[in-house]
Amino acid sequence: MQSIKADTYSIYFNNVGYEYLASILKPTYYSKIFILVDENTNEHCLPIFLANLATEIEIEIIEIESGEEHKNIETCVQLWHSLTELGGDRKSVLINLGGGVVTDIGGFIACTFKRGIDFINIPTTLLSMVDASVGGKNGVDLGLLKNQIGIIKEPKAVVVISSFLETLAQLEMRSGLAEMLKHGLIYDKNYWNKLKDLTLLQIEDLETLIYESIEIKNKIVSQDINEHGIRKALNFGHTLGHAIESYFLENELKNKLLHGEAIAVGMILESYISLQKKLISKEEYAEIKYILDTIYDKVIFDKKDIDKIIDLLIYDKKNEFGVIQFVLLDGIGKIKINQEVENKLIFNAFDDYKLA
Ligand code: NAD
């Protein structure tokens, strides 16, 4: 598979990725390699990765606990200490081997340790392959608020090894699929059409679909790395999706929602709002809702939940001058950014979501 050129780095695939790593992980470039893992990627991915990695540089492994609840500043403090105690210096390189939690936090740690060291993302979940590892957004949650602390800085490289997905749970695969569906909805109707009939897809198609998804994300990010305009498209489904994810993260009475599961609900709600603003047709809305409802379980919300979720919208990172800004669909495959939406419409969207 051909490498994809991003703004300041490239995304390499499979063996070409290992060859790239061998070419840069040289003692003349780097003093030490740190590999950040969580307990699952330590068990399932690290042995394979190390067996294929050709380097003479000393390697240190640092493990964090898996899960969104550890994507916070406390984990960062531990990591800054670990890097210091293990002799990290400005010529160290950090390899983030994991899902979006590891690549988000690892990128942030690398950008801040000694005012910045190189980092390489090796995504091991579908979600981090098609989305989190690409585009240079790094950061952590602040309490229950998603990604409030962070920095935009591109990695030195991304290496996608698709065989890592062999050990990934089905639920996590489904979570990653949400971001792929989003890429189709916001940018490429043909890609959406390909994905929407999952029953026709074979497992061999997955590599190509991952590749196409990364291409879409990269095309959008390359035009607007700092998210002043078009990059906001990637937040479709995330304004309400992030608020829902945050709310479920802190609420012990609720089952945990994976990132992609929350985003899938967010995409249905924001598609409903797009319909009400006459930006998509009834047929388009019905299709989006049907496809997402078929793949993802219904989430139950009561009035109190919805009130709290709407309260959380004031912390959304797209807000400007205190105004909540939505990204809405403008037909499948296109978007409109900076859309203001009245609360009544959000309540109506939740009401409609309940219906089959
Ligand atoms: P995750 O990192 O929590 O990984 C999901 C689970 O899979 C974890 O338990 C992990 O240990 C396990 N795992 C990872 N790889 C595995 C493998 N190969 N085999 C078996 N188990 C494996 O979650 P995620 O869905 O990858 O990422 C979600 C995070 O990504 C969220 O914090 C979200 O905010 C962030 N995100 C960031 C961006 C960005 O642009 N930076 C974009 C989208 C999402």
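What you're looking at is a predicted model, where local features need pLDDT of at least 70, side-chain atom pairs count only at pLDDT 80 or more, and totals for chains, interfaces and linings use all residues. Residues are numbered from 1 along each chain as its sequence is written, and side-chain values use heavy atoms, with hydrogens and water left out.

**View 1. Lys 71 sits in the loop between strand E4 (59-64) and helix H4 (73-85).** Helices (H or I, at least four residues) and strands (E, at least two) are DSSP runs, numbered from the N terminus. Lys 71 is buried, at 2% relative accessible area; buried means under 20%, exposed over 50% and partly exposed in between, with a 1.4 Å probe and protein chains only. Its side chain makes a polar contact with the side chain of Asn 147 (2.6 Å). A polar contact is a pair of N or O atoms within 3.5 Å; within protein, one must be able to donate a hydrogen and the other to accept it, and residues adjacent in sequence count only if both atoms are side-chain atoms. Leaving aside residues up to four places away in sequence, Lys 71 touches several others, including Val 101, Asp 104 and Gly 139 (contact means heavy atoms within 4.5 Å).

**View 2. An open sheet of 7 strands runs in the order E1-E2-E9-E6-E5-E3-E4, with mixed pairing.** Strand E1 (4-5) and E4 stand at the edges with a single partner strand each, so one side of each has no neighbour in the sheet. Two strands pair if DSSP finds at least two bridges between them. Inside the sheet, strand E6 (residues 118-123) and strand E9 (residues 157-160) run parallel, joined by 2 bridges. Look for Asn 121, which stands opposite Val 158 in E9.

**View 3. E10 and E11 make a hairpin with 5 residues between them.** Here strand E10 and strand E11 (residues 335-339) run antiparallel, and 3 bridges join them. Phe 326 has Gln 339 in E11 as its bridge partner. From E10 (residues 326-329), Phe 326 and Leu 328 point one way, Val 327 and Leu 329 the other, and all are buried. In the turn, Gly 331 has a positive phi of about 85 degrees.

**View 4. Helix H7 (170-187) gives the largest share of the lining of the second largest pocket, 5 residues.** Helix H8 (189-196), helix H9 (205-223) and helix H12 (282-295) each supply at least two lining residues as well.
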